[in-house]
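Thank you all for coming.

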Protein chains: 2
Amino acid sequence: MHAVLVAAVEAGGGTVVDLDEADAIIWADPAAGAELRRHVEAAPRATWIQLPYAGIETMVDQLDHDHLWTCGKGVYADACAEWMFAALLTAFRNIPAYVRAERWPEQQGRNLLGARITLLGAGGLAEAFLRLAEPWGCTTTVVRRSGKPLPGAARTVRTPDRFDAVADADAVIVCLSLTPETTGIVDAELLAAMPDDAWLLNVGRGPHVVNDDLLAALDAGTIGGAVLDVTDPEPLPDGHPLWGFDNVVITPHVGNTPEMGLPLLATRVEANVRRWIAGDELLGPVDVDAGY
Amino acid sequence: MHAVLVAAVEAGGGTVVDLDEADAIIWADPAAGAELRRHVEAAPRATWIQLPYAGIETMVDQLDHDHLWTCGKGVYADACAEWMFAALLTAFRNIPAYVRAERWPEQQGRNLLGARITLLGAGGLAEAFLRLAEPWGCTTTVVRRSGKPLPGAARTVRTPDRFDAVADADAVIVCLSLTPETTGIVDAELLAAMPDDAWLLNVGRGPHVVNDDLLAALDAGTIGGAVLDVTDPEPLPDGHPLWGFDNVVITPHVGNTPEMGLPLLATRVEANVRRWIAGDELLGPVDVDAGY
């Protein structure tokens with residue numbers, strides 16, 4: 001990751017220097033968020049800090065108003081939208097049963113073509129999904145804080161109306177940032193509002209879903225199943241009850257895999273370095289107060 | 001099926017009558033192809049015969065030049081194109097391993113976005129696939145008898161050039177009609193021409209693939225895997241070696257399921273009855289000499 005991002009900085013016209021000379025910091029290690037503050041303080045000239053990944057919740061308590069912060073927001077959107085299609089088709093086309101089959105199985109499945117899909121979240125992932133979904137004739141509902149219509153969605157509603165927005169859904173997809181407001185948004189009440197055969201997909205963050213409420217809904221058969229790319233905790237421990245359902249598929253945080261994601265992040269870093277040098281607006285600015 | 005098609009005939013403005021009075025026959029039972037000739041001969045007034053399904057190879061030896069024959073060609077195309085996406089994303093996004101996982105698995109996968117896809121066949125399925133694939137930025141190659149460019153494909157080549165057309169493919173999709181020319185088209189030579197990590201998908205008919213050659217390629221690891229919606233024979237018998245591979249997913253002829261397909265066929269029958277009465281051209285005409 002380090003080598004690729006060094007190359008990206010240089011391709012964008014920058015020079016990699018020691019912290020005490022740096023005008024900007026490209027933070028390459030998302031797992032070392034706790035180290036971030038120390039490095040920022042060791043770079044008194046730095047005014048711009050580029051964070052990796054789109055979700056920055058592990059670093060959010062180290063943000064400040066003294067710097068311009070950017071992150072990988074939007075970079076991974078297309079790959080994550082692709083995951084959303086993979087998960088929807090896995091669910092609707094009965095793929096788990098066919099993967100497990102050791103003899104000719106029963107014909108089952110429903111169409112994604114023309115299905116009713118509700119998205120919780122209206123960011124880059126939702127936009128990318130709607131772009132790919134355009135030829136599929138789905139009826140899409142987007143739930144977002146502002147309620148401002150998202151282009152490509154059949155309807156957009158405000159967060160308090162989320163129960164109504166999932167009531168006729170074939171699938172509900174969580175593609176939100178994790179904030180105090182959105183933590184636990186998929187709870188018993190939301191799951192109960194979904195049709196009994198609707199699938200839940202999570203490509204946001206694990207804590208968006210209240211595990212105990214999801215397990216209760218799965219036990220009671222009041223949802224169709226779940227495809228989860230993120231869990232709480234992550235990785236999901238051995239023996240966790242979510243491993244025990246035939247209608248739950250857990251993918252190991254591969255909305256984008258590291259292999260897919262690094263070239264995408266490198267392209268973003270290169271573009272931002274070029275923009276920074278030219279004095280242009282940077283891509284993926286973080287709203288420090290909103291925390292994403 | 002019978003009741004739904006009777007309703008479709010009536011909705012199209014027709015009346016269901018005995019064979020000896022019939023101007024046309026709507027054949028509702030694809031499994032009873034052997035009975036077809038007898039019924040045609042019992043309907044001396046009939047000039048048009050509508051067959052069910054898109055692939056009519058079980059009835060092809062009963063066609064003649066005395067009648068106008070139509071079939072379900074194109075009716076199921078969108079549902080089958082949806083299956084193609086389900087199969088591609090199952091393969092590329094490592095879904096079989098995740099379905100089987102009982103603990104946090106390794107991150108693996110590649111993108112369908114921007115992938116190189118080769119289609120054997122340029123009929124309704126290929127057209128429907130290309131329509132859905134448009135926003136995915138795939139590089140698509142179509143192999144067809146005539147070599148006539150198919151709109152939406154990056155390139156179209158003639159059947160003898162098929163080895164070249166699969167040489168850089170991430171996936172090869174069989175979406176052909178079954179004819180003497182296309183039987184066994186996926187043989188050792190074609191499989192050897194594919195990259196070692198390329199996936200084979202078959203949504204045409206089982207006999208397009210030479211099973212022994214596919215098994216040999218899977219054993220040798222010279223293809224990435226296979227997703228097969230059709231097999232030879234079908235259903236695939238218990239204990240068949242194709243059940244034994246982790247990188248083979250067999251779906252039970254569900255390009256469209258009977259549930260998905262019947263309303264689509266009914267819509268076609270209704271439209272054709274209306275056209276027949278109005279003297280308009282019918283949808284899905286069979287080329288009796290070509291046999292599809």
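This is a predicted model: local features need pLDDT of at least 70, side-chain atom pairs count only at pLDDT 80 or more; totals for chains, interfaces and linings use all residues.

Let me start in chain A, where Val4, Leu5, Ala8, Val9 and Ala11 of chain A, in α1(A), meet Leu262, Ala266, Val269, Glu270 and Val273 of chain A, in α9(A); two residues are in contact if their C-beta atoms, placed from the backbone, lie within 7 Å. By class, this contact of α1(A) with α9(A) has nine nonpolar, no polar and one charged residues, where Ala, Val, Leu, Ile, Met, Phe, Trp, Tyr, Cys and Pro count as nonpolar, Asp, Glu, Lys and Arg as charged, and the others, Gly among them, as polar.

Residues are numbered from 1 along each chain as its sequence is written, and chains are lettered from A and ligands numbered from 1 in the order in which they are written.

Turning to α3(A), residues 77–92, all 16 of its 16 residues are buried, so this helix is largely enclosed by the rest of the structure; buried means that 20 or more other C-beta atoms lie within 10 Å of a residue's own, again placed from the backbone. After α3(A) comes Asn94 of chain A, with a positive phi near 65 degrees.

Finally, 43 residues of chain B are in contact with 43 residues of chain A, and α3(B) gives the largest share of chain B's side, eight residues. That side divides into 26 nonpolar, eight polar and nine charged residues.

Methods:
Helices (H or I, at least four residues) and strands (E, at least two) are DSSP runs, numbered from the N terminus. A residue is buried if 20 or more other C-beta atoms lie within 10 Å of its own, exposed if 12 or fewer, and partly exposed in between; C-beta atoms are placed from the backbone.
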